[in-house]
Amino acid sequence: MKEVKQLVKEPIFFERNRVYRIYKGGMPYKNIFNDGYDDGTDNMFPEEWVASKVKAINPKYFGERDGVSVIKDTDIFFDDLLKEYPEQLLGNRKYDCLVKFLDSAVRLPFQVHPTKEFSRKHFNSEYGKTEAWLVVATRPNAKLYFGFKDKITKEQLSKLEEQSEIEKDIMGNLLAGVEAKVGDIWLIKAGLIHAIGAGCTIIEVQEPTDFTIQPERWCNDYHISYEEEYIGLDKDTALDAINYDIYGEDAKAFAKVNPKVAIETATYKKEQMITYEDTPCFAENRHTVKNGGSFVMDYAPSVYICLEGEGVVMGENYERKIKTGDYFYLPYSAQGKFTVSSETSATIIECLPSKQD
């Protein structure tokens, strides 16, 4: 193992970090990561949390650090490393996003995430849970859902939530669905009701919390407890987290984002997928390199995922091959000192923290 003092100056890789949820998924991970960790079946660990300092909120106990990443080939938790080496890893900046792979074999419960203001008041947190989805794979008939089909009131929703105890699918019929297509980008701002349908594999970038309000009694055959639905809040308060004024086609238009090409040459293309104009909570870029092309990783802290292909990360006295499914954290001290290149082709997703003060 490298000395920790050297490790915090270079791209930091992690052990695999599958997280328990109340829904099944994960079948595509065998092909995406291709490292022997996954067996190609759907199970109750359908999310891979990437360079995570966030603890998962789970109905089952998987340890006090459930959800927090561990540095590759060590027993060091990432949140501990951030506390121990803040200058090298963060500079004077914040690393305040959570990146994850998510795969759904079933429709997830329809849900909403709180705004910063709601979280500040009810969870004593400075973060809500605005999130962005990049669709990276689908199964047949995969759909995503944004907003109610029609105008609905809080009182109507409350009654339907109770009705969902005996009519398991009634809530899903309330939402407006779209076909999930590989490459599509969606921004789900806090307050927008939404759901991920069966058969979607996405990369999600979000604010660094696990606050999910899901007013539905069932997730497929899993019965959702009152505590899981409202994460410690009373029902009346929790339902106030929903923005009831966005519905129908307006909700889909509200969530859809189109990438913007920032740089394009014969061997390199940079696309801005989520910008700070879209949300101050995080940003996301897509880098495509081919035929010897390269780019400098010029901002840190940041997270990089090799989504397709293979390449090489290079710096002074440093070289490491990467392939589809590999991901790493770039420390502040490594900003501008490392490049990614590919002699064949590679698609790299870059995830950035919030717009810094």
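**A walk through the predicted chain**

The mean positions of the 45 positive and 59 negative charges of the chain lie 2 Å apart. The model that gives this value is predicted.

Start with the overall build. The secondary structure of the chain comes to 9 helices and 22 strands. The C-alpha atoms fill a box of roughly 65 × 45 × 40 Å along the principal axes. Does the radius of gyration fit a compact globule, or what else does it show? The chain has 357 residues, so a compact globule would have a radius of gyration near 21 Å; the value for the chain is 20 Å, which agrees.

Next, the contacts. Take those with a separation of 6 or more in the chain: residues 24 or more positions apart account for 75% of them. The surface comes next. The accessible surface of the chain is about 15,700 Å². Carbon and sulfur atoms hold 47% of that surface.

Now go inside. Buried residues make up 58% of the 357 residues. In soluble globular proteins, nonpolar side chains tend to be buried together. The largest nonpolar core in this chain has 41 residues. The residues with the most contacts inside that core are Phe78, Leu81, Leu89, Tyr95, Val99, Ile203 and Tyr329.

Two single residues show the chain at close range. The first stop is Ser52. It lies in the loop between strand 3 (47-50) and helix 3 (78-84). Is Ser52 buried or exposed? Its relative accessible area is 0%, under the 20% cut-off, so Ser52 is buried. Which residues touch it, leaving aside neighbours within four places in sequence? Ser52 is in contact with Asn17, Gly67, Val68, Ser69, Phe78 and Leu98. One of these, Phe78, is also among the residues with the most contacts inside the largest nonpolar core. Gly197 stands 145 residues from Ser52 in sequence. In space, the two are 25 Å apart, C-alpha to C-alpha.

The second stop is Thr347. This residue is found in strand 22, which covers residues 345-352. Thr347 has a relative accessible area of 11%. That value is under 20%, so Thr347 counts as buried. How many residues separate Thr347 from His287 in sequence? They are 60 residues apart in sequence, and 5.7 Å apart in space, C-alpha to C-alpha. His287 is also one of the residues that Thr347 touches. Not counting residues up to four places away in sequence, Thr347 touches Arg286, His287 and Thr288, and also Ile305, Cys306, Leu307 and Glu308.

Conventions. Residues numbered from 1 in each chain as written. Predicted model: local features only at pLDDT ≥ 70, side-chain atom pairs only at ≥ 80, totals over all residues. Heavy atoms only, no water. Helix = DSSP H or I, 4+ residues; strand = E, 2+ residues; numbered from the N terminus. Rg over C-alpha atoms; globule rule 2.2 N^0.38 Å. Buried < 20%, exposed > 50% of the residue type's maximum accessible area, 1.4 Å probe, protein only. Contact = heavy atoms within 4.5 Å. Areas by Shrake-Rupley, 256 points an atom, 1.4 Å probe, with all protein chains shown as cover. Lys, Arg positive; Asp, Glu negative; His and termini not counted. Charge placed at Lys NZ, Arg CZ, Asp CG, Glu CD. Core = buried A, V, L, I, M, F, W, Y, C linked by side-chain atoms within 4.5 Å.
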